[in-house]
Amino acid sequence: MQKQHEETMIALTGLSKQYDGLTALDSIHLQVKKAEIFGIIGKSGAGKSTLIRCVNLLEKPSQGTVIVNQQSLTTLSRHALRAARRKMGMIFQHFNLLSCRTVYDNIALPLEFCNMSKKAIAHAINPLIELTGLSDKKSNYPNELSGGQKQRVAIARALACKPTVLLSDEATSALDPETTHLILQLLKNIRDTLNLTILLITHEMSVIKACCDKVGILDKGKLVEQNEVGEFFAHPNTPIAKNFIVSSLPQTLPAAIADHVLVDERLNTHPVLRLWFFGDAATQPIVGQLINQFKLRINILQAQVESIKKHIMGILIVAVDGDKTQVTASIAYLKQLGIQVEVLGYVPNDIIPFA
Ligand SMILES: Nc1ncnc2c1ncn2[C@@H]1O[C@H](COP(=O)(O)OP(=O)(O)O)[C@@H](O)[C@H]1O
Ligand SMILES: [Mg+2]
């Protein structure tokens, strides 16, 4: 028998979905292991919601198989599918609470559908109310709650039937950064305490960084890249993956400088380089090397270093002054170290003087 943490909870094979000639999903292969938090990131219209809705068959795949909890969902009878769906909780961006019901009654709803007794319902949901930090809100109505509290209610409701899988479609997209952080912490806590498997959809890299073990990039219906999160940040392969990572780092130059950056090199200008470094390359003393080895002078305009899992990554924007052949040689050298180098433009001497 496989070890529990290696057990596959969700397996999508050759999953495709077409809507009247539009291919929303194109041959997706994906496996999510037990108690893993797997994040799917993609731009608007990439097919994220379609993908997650195919996992619980709210959307019927055009081709391919969906296996959840060892059951092939596309082959199940309606009755068996209903039972299988109960083991998959789902949360949404706009919470989808019933405004006429209290917090307690919203959370109890899925169990009422199962004709459970009042006593059994209380027994099942009181621990969830505690787990989601809603003990003092039981009798409140949704319009008396903050966004974060509403999402907590939705999470507790999604857990009511003791699911093994939680599907989250942009659950933090309507929340401010601080509340987002708390909700993502809650999801991690739930994974740890309930051994829950979470498939999470987002358009924000910060969400992936904050709580996912693995990440997949969905682009125009194709899963173009998937990896363990630390590895992904250390070795992104596709341009879209790199763009998502770059977009999650501060990269804008101070406006006073950005306004003066020229596209072409001219007399008395300095190249502005963006160095983007991951993994091993991030721990090299590169600024010192540029100064000593290539006799360049370096003006740091922007710098940010972060650690994700065990990996370090960072971005450094510098203006350089020095012999032109040395600048070219230094760029080749940096690339050889695995650092990505882009020339953002050229900044005139009087904006960033090196004298
Ligand atoms: N029910 C539907 N009928 C027709 N087209 C749809 C339907 N649902 C989604 N689409 C289309 O499929 C593509 C992917 O949509 P969606 O999965 O909602 O993307 P995302 O969640 O990544 O923004 C879009 O082009 C969208 O217009
Ligand atoms: Mg969507």
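As for the classes, Ala, Val, Leu, Ile, Met, Phe, Trp, Tyr, Cys and Pro count as nonpolar, Asp, Glu, Lys and Arg as charged, and the others, Gly among them, as polar.

A word on what we are looking at. This is a predicted model, where local features need pLDDT of at least 70 and side-chain atom pairs count only at pLDDT 80 or more, while totals for chains, interfaces and linings use all residues. Residues are numbered from 1 along each chain as its sequence is written, and chains are lettered from A and ligands numbered from 1 in the order in which they are written.

Now the protein as a whole. Its secondary structure comes to 12 helices and 14 strands, these being DSSP runs numbered from the N terminus, with helices (H or I) of at least four residues and strands (E) of at least two. The C-alpha trace spans about 80 × 45 × 45 Å along its principal axes. Of the 355 residues, 37% are buried. Buried means 20 or more other C-beta atoms within 10 Å of the residue's own, exposed means 12 or fewer, and partly exposed is in between, again with C-beta atoms placed from the backbone. Among contacts with a separation of 6 or more, 71% join residues 24 or more positions apart.

Back to the helices. Two packed helices are described by the angle between their axes and the distance between the axes. The axes are lines fitted to C-alpha atoms, for helices over the stretch in contact, and the angles run from 0 to 180 degrees between N-to-C directions.

How do α5 and α6 pack? Their angle is about 20°, with the axes 10 Å apart, α5 covering residues 147-159 and α6 residues 177-194. The two are therefore roughly parallel to each other. The cut-offs are these: angles under 35 degrees count as roughly parallel, over 145 as roughly antiparallel, 65 to 115 as roughly perpendicular and the rest as oblique. The crossing of α5 past α6 is right-handed; that is the word if the near helix is turned clockwise from the far one by less than a right angle, and left-handed if anticlockwise.

Next, α3 and α4. Helix α4 takes in residues 118-131, and α3 packs on α4 at about 145° with the axes 10 Å apart. This crossing is right-handed. From α3 we have Ile 107, Ala 108, Leu 111 and Glu 112, meeting Ile 121, Ala 124, Ile 125, Leu 128 and Ile 129 in α4. That contact has eight nonpolar residues, no polar ones and one charged.

On the α11 side the contact is made by Ile 286, Leu 290 and Phe 294, and on the α12 side by Gln 326, Ala 329, Ser 330 and Leu 334. That gives five nonpolar, two polar and no charged residues.

Let's move to the ligand. Which residues are around ligand 1? They are Tyr 19, Leu 22, Ala 24, Gly 42, Ser 44, Gly 45, Ala 46, Gly 47, Lys 48, Ser 49 and Thr 50, where a residue counts if its C-beta atom, placed from the backbone, lies within 6 Å of the molecule. The elements giving two or more residues to this shell are β2 (22-33) and α1 (48-55), and α1 gives the largest share, three residues. By class the shell has four nonpolar, six polar and one charged.

Finally, a few single residues. Ile 198 sits in strand β8 (residues 197-202) and is buried because 24 C-beta neighbours lie inside 10 Å. Beyond its neighbours within four places in sequence, Ile 198 contacts Ile 37, Leu 166, Ser 168, Leu 187 and Arg 191.

Is Cys 100 buried or exposed? Cys 100 is exposed, because 9 other C-beta atoms lie within 10 Å, and its place is in the loop between β6 (88-92) and α3 (103-113).

Last, Asn 69 lies in the loop between β4 (63-68) and β5 (71-72), with a positive phi near 55°. Gln 70 lies in the loop between β4 and β5 too, and its phi is positive at about 70°.

Definitions and conventions
Two residues are in contact if their C-beta atoms, placed from the backbone, lie within 7 Å.
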